[in-house]
Amino acid sequence: MRTLRAFFVRLVGLLRAQRSEEDFAAELESHVAMDTEEGIRAGFTPEEARRQALMRIGGAEQVRQAYRERRTLPVVENLMRDLRYALRAFRRNPMFTCTAIATLALGIGTTTAVFSVVDPILFRSLPYAHADRLVSFGLSQPLEPREFTLGFFFFDWRAHQRPFEAVTYERGVNECNITEQNPVQMQCAHVASNFFSTFGIAPVLGREFTQEEDQPDGPPAVLISYALWRERYNRDQRVLDKTVVLDGRSMKIVGVLPQDFEMPRLQHADMVLPAKVDLAHQHAENAGLGVPLWAFARLKPGVTVVQAREQMQPLFAQMQSVIPAQFRSEFHLSVRSLRDRQMQDQYRAAWLLLAAVFAILVISCTNVAGLLAVRGRAREGELTVRMALGASSRRLMGQALVEAGLLAAMGAVSGCLLAWGLLHIFVTIAPTGVLFLGNAHLDPRILCFAALLTVGCTGACGILPTLQNPRSPVPNSRATRSRAYTGFRRALVVAQIATCVILLSSALLLVESFRNLQKQELGMDAGGSLVVHVSLTRARYASNEAYMTFFLQAESALRALPGVSAVAVSDSVPPDGDSWHDAIRYPDLVVSGKPRTPAGVGGKVGVRRVTPGYFAALGIPLERGHSFVEEDRSQSGAQLILSRSLAARMFPQENPIGQHIQIASYMPYFVLNGPVYTVVGVAGDVKNAGLSGEDDPEYYTLRRNRPEDWSNRNELVLRTELPVSTVAPWIRTQIARLDSTAPVEVVTIRQVVNRLADPPRFEAALVGFFAFSGLLLSVIGLYGVISYIAAQRTQEIGVRMALGATRANILRLITAEGLRLLFVGGAIGLAASLLTAGLLQKLLFHVSTRKPLSYVVVTALLTLVGGCATLLPAIRAMKTDPMIALRTE
Amino acid sequence: MPEKTDVWQGTLALMVLRTLESMGPLHGYGLARRIEQISGDRLQLNYGTLYPALLKLEQEGFVRSRWGTSENNRKAKFYELTRAGQGRVRKAAAEWEKTTEILARFLSPAEEA
C-alpha cells in the first residue's frame, strides 16, 4: 500500500523535476552551511570546515544523484530519455525509419487482417456453453455426405444411446412470412424443445420452449432473434405479451434469442419455432423413413468423439438391417465435433492463409532486425564511447529495446490501418471467399493479437542485434565481430529468400489453378442467361398445382417481354455448386428390355425437371435428337433427354433416341412404378458439380402441365440480348403483377459462376499478394546486406584496386557475394516448396504440383530481381576511387 | 574514540522515525547530528544517505516536511512525523526487538562455546 503510494508520488515527481531539484539544492546548501558553522565553531578555518562538511555528505553531486533517483522513477526517466533519443535518431534517418515502419506495418497489417478472417474458422469459440463437448451425428452417404438422421431411427437412437448427456435435433430452416401489417419474409428454424438446454443457450428475454409446445398439437409459440427484436419491436420488454401472425397463424412470442445466437449448421434464422415432430407417426410418415432431422448432442464428461462413435456403432449396426441390402455399404455412421461439421473444407484454406501470412511476418521481422543491425553497426563507435563513459550494458540493451519497441508500435498502428483497408478489399474481391468473411472485422481480440505481435517483433528486432553486439565492445576485436555480424545477416537473407520462394511457388500454383477454373468450359453459352428466383411460401401456395399455375403464368409473362428470346422453368440451375440439385443413383435407371445394373456401381446421376425452353435459355447444345417441344407439355407421354456422358455410358453401342427408361424409387424398398420415359434427345455435358467438382452425368425430364411434374423448387431461366439492368425491372414488374408479395432475385449466370470462383480467387489473390510483398521485402533485405558488405569492404577494394584489380574484378567480387546468397536461399526454398506443394494439392484444380514450369518461373523471377538488387551496390563498389577508399578510417 | 560502525541496511529509516518521534520536528542536519549523538558517536553516518531515506519516508507518507527557520536563523527544511509515521515507529520497533532477540539467541550459545 505504502509502496504503491510512494510509486505514485515518484511518478508525479517526474513532472515536477525542475522545482524539486532547486528545492533540494537549497536544502543541501543549508545543511552544508550549518555543518560548516559548527566546524568553524570547533576552530577550523571556514575553507577547511566547508571541505569537511562536503566530505561528510559524501560528495554533493553523488547525493543529488541518489536523491534524484529516489525522487522519480529512474526506469521511467530513462525510458523517456531513450524515447526522445530514439525519435531524434529516427528523424535524422527518415529513409531507414520509413522502410522499417513500412516493413513492420506490412507484416503486422497483413497478419492481423488474415487473422481476423481465419480466426472464426480456426479459433473462435462457438456461441454455446462448453462447445468443445458438442457433436453432430448421423448417417452420411454419397448423395448427402453431411450427416443427417431420419425420424424412423433417431428416436430409437436417442432412447438407447450411452455416450451423450443430452441429444437434440433441428429440422432445418425454411421461408416463412409475417403476415400481419408490413408483411416480411423471414427465415424460420424448427428445433426440439431441449435444443436450447443442450446447446446451453439462454434467451435474453423470456424462456425456451416447453415440451408441451413441442407436441404436434401444442400451443403455437415462437422465439425471435435479437435483430428482429431490435428492429421490429424496438427492444420492447413487453414483447413477451405479444403475438405474431406467421403465415396466417397467430403465435405467442415466448422469448428473445441472444445476440450471438447461431444455428448449429450456420443457417440464418430470424425466428425459431418448436419442431413439433410427431413421434408416433415416424414409422408411417415419408414412406416409413420418418422426417429428416439434424441431430446434435452433448458428450458426457470424459467421453471423446472417437469413443462416442464406437459406442454408437451397435445402434447403427442395428439400424443398418433396415437399409436395403444393396445400399448398406453406402451408409456410414458419422460422429464429429460441431466445429468440424461447421468448418468442413474451410480448414485447409484457412491454415494456408495463416501460414502464408506468418511467412510474411517472419520476413518482415527479420528485415527490420537486419535494418536495426546495420544501424547498430554504424553506431558501434557511439556505443563504445557510451560504455567507456559508464553506461551499463543493461542500459544499452534497454535502449535498443526501446528503439525497436517504438518502431514496432508505429508499425502496429499503421499496420492496423492497413489491416482495416485490407479487410475491405478482401470483402470486395471475394465476398464469399471464406466462411464468415462478410462479418470479418477488427475486434478487440484481434487488436490484442496485433499487440502481441508487436511485442514479439520488438523482441525479435531488439534482441537479435544486441545479441550480435557483445556486451563489452573492445576495439581490437572489431574484425571478428563484424564477420560474425555479416554472417548473421547473411543467414537472415537466406532465410528470407527461402521463405519467399515457397510463397512465390505456392502463389503461382494457386493462380494457375484459378485460371484453370476460369478457363473451364461451362457447357453452355452463359452470356445473356439470367436466373430469376421468386420466393413463394407454402402458406400462399399450398399445393404443387398452385406452384404450377404461378410459374406457367410467369413463364408466359416473361416470354412476352421485348428482347427475351427464351424462357423456361427448372428446379435447379448449373453449375450448381452448393445449391440444391436433385440426384439419383446410376443403378436406379432401368432401361426397358435390359438387365438392371448391379447396385453400388456407377455413382450419382443428376436430375433436372425442365420446361421446353431450358436448352435455348441456357444455350446448351442438343447433340442428337431434339429438344422438348411445346406441344408435348399437354401430352401424356413422359419424355427425357440424356446428357452426352450419360448417353455414352448407358448406350455405348446403340442409338439412345427412342429407348425407354424407368426410374426406380425406394419407398423404402425397391419399386419400379414410375412413368416410362422415352429418350428424345442427347444434350451436351454441362458443369454441374460446382467449378472444381467432378461432373456427374445427368438427365432432364419434361415438365408437363400436370401437377405431379411440379414441386416447390422452381427457378426461371431466360435468355436476352439486353443488359440485365434493363431487363430486371421489367421482370420484377411482371412478377409483381402475378403476386405483389413475392420477393424477386435476378442474377446472371456469369454472376453465379463468379461467386463460385470466390474461394479460389480469394486464395490466389491473397497468396499472390503475400508472395509479392515477400519478394519485395526479401529484395530490400538482399540489397541491404550487399550494400553493407560492399561498404564494409571499401578499404579492401581500395587495396585490391591499388594492387591492380580491374573494375570488372571488383564487380565480380561483390556480385558473387549476392548470387551466393540467392543461390543458397533459392535452393533451400525450392526444396521446401516441393515439400509444401503436397499440402496444397487439395486446393488446386487440374494443376500438377510437380510441374517444373512454375519452379522455373520462380527461379527466373528471383534471379532477375535479386540480380538487380546485388548489381546496384556492386556497381557502386566498382566505381570506388581507390585513393578515397584507402583513406577511409 | 570507540570504533565506528556503518549504518546497517534498513535500520536508518527506523532511526530517523524514532528520533523524530522523541525530538519533534527537526531539519536534516539536526537529525543527522542527533542520530550520531544517540548512538554515542559510534555510528559512521554518511549524511548524504539521509536525504534519499527521508524522501522515501515522505513518499510513503510517514513524515512530512516544510520550510522553516533554524535556531541560528537559517532557512532549513524541517521534518516531522505524521500519524501514520507514529504507527510505523511502534510497529517497526516491535519488529526490530523481535529480530534482535532471535539473533541474540543464535549468538549466545556460540559465545558460550
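This is a predicted model: local features need pLDDT of at least 70, side-chain atom pairs count only at pLDDT 80 or more; totals for chains, interfaces and linings use all residues.
Two strands are taken to pair if DSSP finds at least two bridges between them.

Strand S17 (residues 622-625) of chain A pairs with S22(A) in the antiparallel sense over 3 bridges, and A:Arg624 has A:Val682 as its bridge partner in S22(A). Strand S19 (residues 660-663) of chain A likewise runs antiparallel to S22(A), to which it is joined by 3 bridges, with A:His660 having A:Thr678 as its bridge partner in S22(A). Strand S22 itself spans residues 676-683 of chain A, and because 6 of its 8 residues are buried, it is largely enclosed by the rest of the structure.

For chain A as a whole, the secondary structure comes to 26 helices and 25 strands, and 40% of its 889 residues count as buried. Of the contacts in chain A between residues at least 6 apart in sequence, 81% join residues at least 24 apart.

The contact between the chains takes 22 residues from chain A and 18 residues from chain B. On the side of chain A that touches chain B, the elements giving two or more residues are helix H1 (2-13), helix H2 (17-41) and helix H4 (60-71) of chain A, and the largest share, 7 residues, comes from H2(A). By class, this side of chain A has 8 nonpolar, 5 polar and 9 charged residues.

Methods:
Residues are numbered from 1 along each chain as its sequence is written. Chains are lettered from A and ligands numbered from 1 in the order in which they are written. Helices (H or I, at least four residues) and strands (E, at least two) are DSSP runs, numbered from the N terminus. A residue is buried if 20 or more other C-beta atoms lie within 10 Å of its own, exposed if 12 or fewer, and partly exposed in between; C-beta atoms are placed from the backbone. Two residues are in contact if their C-beta atoms, placed from the backbone, lie within 7 Å. Ala, Val, Leu, Ile, Met, Phe, Trp, Tyr, Cys and Pro count as nonpolar, Asp, Glu, Lys and Arg as charged, and the others, Gly among them, as polar.
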